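This report concerns the contact between two chains and the architecture of one of them.

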Amino acid sequence: MALDAPTLARAFDRTFAEPQQNGAAPTDDFLDVRIGTDPYAIRLSDVAGLFADKVITRVPTPLPALAGTAGFRGAIRPVYDLAVLMGYAPTGSSRWLVVTAVEPVALLLSGFEGHLRLPRDVRDVVQTPRGVYPILHVPSVLDTIKRQLSQHTGQKER
Amino acid sequence: MREWTFGKKVGAGFAVASLILAIVALVGYLSVDQLIESNRLVTHTHEVLGGLDKLLLRLVDAETGERGYIITGNDAYLEPYRSAADEIKRTLDELRRLTADSPVQQRRLDALSPMLDAKVNQLAATIELRRTGGLEPASREVASHLGKNLMDQLRGAVGELKREEESLRADRKGRAESSAQTTKLIVSVGTIGGVLLIAVMGWLITTSLSSQIGAAVQHVQSSSAELQTAANQQATGAKEQSTAMNEISTTISELLVTTRQIAESAQRVAQIAEQTASAAASGDRTVVTARESIAAIRRQVDLVVGHMLELGGKSQQIGAVLDIVSELAEQTNILAINATIEAAGAGEAGQRFAVVADEIRKLADRVAGSTKEIRTLINDVRSAVNTTVMATETGSKAVDAGGKRFEEVLAALQQIGGLVTTTTEAAREIGLSTKQQATAVEQVNVAITNVAQTTRETEASSGQTLQTASQLTLLSKDLLRLVQPQAA
């Protein structure tokens, strides 16, 4: 075993004993996720919360990306399948969801691999020990949802 | 007759010849006998005639002496008279005896006897008259012709007797001559016929025998040629047989050596079998011990399997706990990330909380990594346990199989023990049999040597037979040449 429990406990306790490092290089946090069959990174600042094993209730909808609705901290949010929005096949069964920070919308992930802390100068792609992969631009995704909703609404009004 | 044997034919020829000779001899004998009888009867008749002549002669002598005495008165002249008187009586008796077979002559002699007595008495009376009365009365007596009449009667009676005898003589002479002629005829005809018959028989026998003997000799010749060929083959065969016998004798000697080696080998096999039986018994005990050890191993293996299954169960429980730990770590991670998000939203006030959340997230990451490793290790342990259980079960099965094998080995060892005992007995029997065989082979060798000697003798005798057959062929040719010159 690489680490034992006492080592972990000591490391945890040490963080409180050590002084705060103000002069450290600024970093950004990312979520290491999988959409469809490809890995992506999502800025943590674009996310209001990460959830798992939420019950998604299917609703009748003409939008293929709308997987249903789910409850998050007492509020009901629509859940959109990122894989469908990104042009992949529907995710099917997945237990990982993120709620976006700017809109009350939940996005269904195909998988969640972990947390990434990278230097702040990262723009479009991230480089990790597992490889180089793109950063998901959440506002664009939300624009896409909105565009589809408006198209659908327009069609409905006509 | 064609089927008759040589001796039969010759015997038949001699028998026919002998029969003819016997017939001729018998007929000749009978004829000669009849001739002799006829001659005897003729001689008898001559004797009777001689006796009658002698009787008359004595009467004449007596009368002559009487007349000489009458004339001379001299007694010397009476000598013929005296001798004649006795002779007349003896001659008459002789005639009676000679004519005893003829009653007629006997009656005539009976009639002659008183006449003779009367004549003798007349002569005696005349002589007495002369002696007493002298010449004159005697002369008158003579002149009275009494004496002459008596003499005439006597001559007449004797003449009748003589005629009768003459008649008999002629008859008997004729019969004798007839018998002689018959004898001559029979002897001549019989001799000629016999000679002819013997010649014919001889010719027939000679012809038959020469053809028969010739055929037989030809058979003998061909048979002797075949015999020669056979003897030749026999000689060759005997030579080959002699060679084969030598080879057999050599082979039997080698066989004898081999048999002795087999006997020694059988003895060694018996010893080795005894040692093997001992080793099998030792192996039997070892196998029993090993079987007990195997049973102990089996029990230990069962214990190991039980412990391993228990270890698997514990590992499964650890896995379940680890699932909870892993889930806790994941939830902690989610919470830490969400805390980070919330801290970022709190601005400056949430900065230290962000640090704590970050440490909690790191801790959760590490716990997640550790649980992954533990899971891997648990899986390894469970896999190892499964592998160990399977291996142990395999080992258990192997132990069971080993136990069964040991049972089989034990049974096999016991069977080996039994078989080795049988083998020992068989090896001993083989040894004894082989010794007997060696003795028998020695006897066979001696017998073969004798046979080889006999074969050599047979070879020699075959050569002699061949030589004899060749001589027989030559002899048969010579014989055929003798019997049938034209065929030879």
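In this predicted model, helix 1 of chain A (residues 5–17) packs with helix 6 of chain B (residues 351–483) at an angle of about 170°, their axes being 10 Å apart. Because angles over 145 degrees count as roughly antiparallel, helix 1 of chain A and helix 6 of chain B are described as roughly antiparallel to each other. On the chain A side, Leu8(A), Phe12(A) and Thr15(A) of helix 1 take part in the contact; on the chain B side, helix 6 contributes Val355(B), Glu359(B), Leu363(B), Arg366(B) and Val367(B).

The interface as a whole involves 16 residues of chain B in contact with 16 residues of chain A. Within chain B, helix 5 (146–346) and helix 6 each supply at least two residues of the side that touches chain A. The most is given by helix 6 of chain B, with 10 residues.

The class composition of the two contact sets is as follows.

Turning to chain B itself, its secondary structure comprises six helices and zero strands, and from the N terminus on the elements run α-α-α-α-α-α. Chain B has 488 residues, of which 20% count as buried. Among the contacts in chain B with a separation of 6 or more, 85% are between residues 24 or more positions apart.

Methods. Residues are numbered from 1 along each chain as its sequence is written. Chains are lettered from A and ligands numbered from 1 in the order in which they are written. This is a predicted model: local features need pLDDT of at least 70, side-chain atom pairs count only at pLDDT 80 or more; totals for chains, interfaces and linings use all residues. Axes are lines fitted to C-alpha atoms, for helices over the stretch in contact, and angles run from 0 to 180 degrees between N-to-C directions. Helices (H or I, at least four residues) and strands (E, at least two) are DSSP runs, numbered from the N terminus. Angles under 35 degrees count as roughly parallel, over 145 as roughly antiparallel, 65 to 115 as roughly perpendicular and the rest as oblique. Two residues are in contact if their C-beta atoms, placed from the backbone, lie within 7 Å. A residue is buried if 20 or more other C-beta atoms lie within 10 Å of its own, exposed if 12 or fewer, and partly exposed in between; C-beta atoms are placed from the backbone.
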